[in-house]
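Here's a quick walk through one chain, from a single side chain out to the overall fold. Have the viewer open while you read.

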Amino acid sequence: MSEHKNSNSWSLALVALGVVFGDIGTSPLYALKECLHHAKPTPGDPLGVLGPLSLMFWSLIVMVCFKYLGFITRATNQGEGGMFALLTLFRSAKDRFKPQTSGAIVLIGIFGACLLYGDGMITPAISVLSAVEGLALLDAKLGTDLAHYVVPISAGIIMSLFLVQRHGTARIGQAFGPIMVLWFLTLAVLGIINISSYPGVFSALSPHHGINFLLHHGHESFVLMGLVLLAVTGCEAMYADIGHFGRPPLVRSWYFIVLPALMLNYLGQGALVLSDVNAALQPGYHHFFSLVPKAALIPVIILATAATIIASQAMITGVYSLTQQAVQLGYLPRLKIIHTNPDVRGQIYMPQVNYLLMVSCLALVFHFESSTNLAAAYGLSVALDMTFTSLLFFLVAREVWQWSLWKAGIPVIIFLIPEIGYVSGSLLKFMAGAWFPLVIGLSIWIIMKTWTDGRAILFQAMQRGRLPVQFLVDEIKKDRIIRVPGTAVFMSASADGLPLALLHHLKHNKALHQQVVLLTVRFEQVPYIQDETRHEISEYHDEFYRVVLRYGFSESPNVFDDLCQALSEKTKVKRNGITFYQSREVLLTNGPGKMAAWRKKLFVMLSRLSRPATGYFELPPRQVIELGIQLEV
């Protein structure tokens, strides 16, 4: 299923450092800084540092070790993870719920997937900004004012990152693993050499410091939990990318490299603050870059920038994959997908998505201008997505795996305790920017809901004018239709009745090809389809066939080759002699469809943006004919 499945587990663990753990691996650049900025530690009160450190450590243990690596990554659909995979697992048991309940849960799951788009926009912006902000520490050393160039430099890096996407990332991707190994080693070393300034910082590993902080800070403790979340962002990427690596490499990367490096670095930052709290309270103090010896500052800034670019690349790739799944599951219109590496599954480029992300990231950089300001916007989408994942996991464990109530409920309750804190803290930052990912997620959810509802209405409209196949068979048997040489393939979303494209072709041309194929391409609720069940072919009459090609939602369809393979079982076919006929619907909004007028207009606009099936499936353009059909929705 995945090109990595037969690879060495340790080599996959190396690759996973950048692809899976890039986001969480760059959080030391800003996570503790934002927590302590809010906690405002004072001299003589170590709880102001030990409390946030303790909460961050136990968040990593509970969320990554216990929740995701312990439970969630075991909930896969043929090895594939992510919100859509979890949603399809639930759908296999949705008949046990009332239709209204099942529909509501599906909509919540889709909304959870939509929230990742907001995360995908914010991650490159906050990561790159936090790395480039280290330039401000060079001002005194170089006698310059580099702080004023942080925003334009960050914007330039982000723009360059998005502009190279169309060339593919296969070559530079080979360097991701070694660079991230160097990054995590740097995190660990910087932490170790600074822990000696306050060895007592190790007491932060005890949970009582975090609990005491929450109990003694009332309302402010909720805000802090929204910032502690910054330390565990990237968990959903781990779950979504499990299909590329498998669970064992992720476990090895996390426990042997990522977790030790993160904790040593956080402890080093905490020790440095505790050793001189007054210095840490000064304007311009940077908790991460203050760990770095002055002689190594420039190399570490360069390395940090490279690590944030890798983390951003992983998030961009994840958004591409998420969008491809949404398209093939029918939640979004068909968008242009370019395979940048034909030898490796999953390396794709989506121009519309790429430029939407680029414009959004640049807008965030110029609007918020610093990682501290952007931290307020970061978190709510991640927190809600984590919560939705926990709830959906509970339903899958109960209804699909048939776990008992206590076996499924106890771990989910443990998941939800910190997640409710994350959501509450993030909501308290709503007006400061937390609204942004929520608005993005809600907007994409409305688009997905409108597209699925509109397609259902359109399908009903097309069914009203559909004739049974037997009608045409009878006409052929009576020799009432002129036959001409060649093979005609009429594409249809439904495997029932005659496609409208065929009826319009007959109406205008008064003839039919010698070989006729009714073709339906169907995407199933599973990631992959075995080759032996790829196609179904049935023969209605001599040289008159119905072919159904089946694909998983994570697959890239090879329609032309698979069609020829299916037909070769029944007849001889010349590839160059095949003509594909596809209907191109011209939609009017004055139909009987039960959808608000503004949603009908949105659906029509989305339909115009959607690629024709023939283009989406990369059929030979000189062998495709589109027939315009006017329909009312």
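Which residues does L224 touch, not counting residues up to four places away in sequence? The contacts are C35, H38, P52, L55 and F213, where contact means heavy atoms within 4.5 Å.

Before going further, a word on ground rules: this is a predicted model, so local features need pLDDT of at least 70 and side-chain atom pairs count only at pLDDT 80 or more, while totals for chains, interfaces and linings use all residues. Residues are numbered from 1 along each chain as its sequence is written, and side-chain values use heavy atoms, with hydrogens and water left out.

L224 sits in helix α12, residues 219–228, and T387 in helix α20, residues 380–399. Helices here are DSSP runs of H or I with at least four residues, strands are E runs of at least two, and both are numbered from the N terminus. Buried means under 20% relative accessible area, exposed over 50%, and partly exposed in between, using a 1.4 Å probe and protein chains only.

| Residue | Relative accessible area | Contacts beyond four places in sequence |
|---|---|---|
| L224 | 0%, buried | C35, H38, P52, L55, F213 |
| T387 | 14%, buried | L416, E419, V423 |

For a sense of distance, take L224 and R74: they are 150 residues apart along the chain, and their C-alpha atoms are separated by 31 Å.

**The chain as a whole**

Zooming out, the chain has 27 helices and eight strands. Its radius of gyration (over C-alpha atoms) is 28 Å, close to the 26 Å from the globule rule (2.2 Å times the number of residues to the power 0.38) for 633 residues, so the chain is as compact as a globular protein of that length. Along the principal axes, the C-alpha atoms fill a box of roughly 100 × 55 × 50 Å.

Of the 633 residues, 58% count as buried. Among contacts with a separation of 6 or more, 82% come from residues 24 or more positions apart. The accessible surface (Shrake-Rupley, 1.4 Å probe) is about 26000 Å², and 61% of that belongs to carbon and sulfur atoms.

The predictor's confidence in each residue, pLDDT, runs from 0 to 100. The chain's mean is 85, with 94% of residues at 70 or more. Residues 1–7 stay under 50, and the model has 15 contacts beyond four places in sequence for that stretch.
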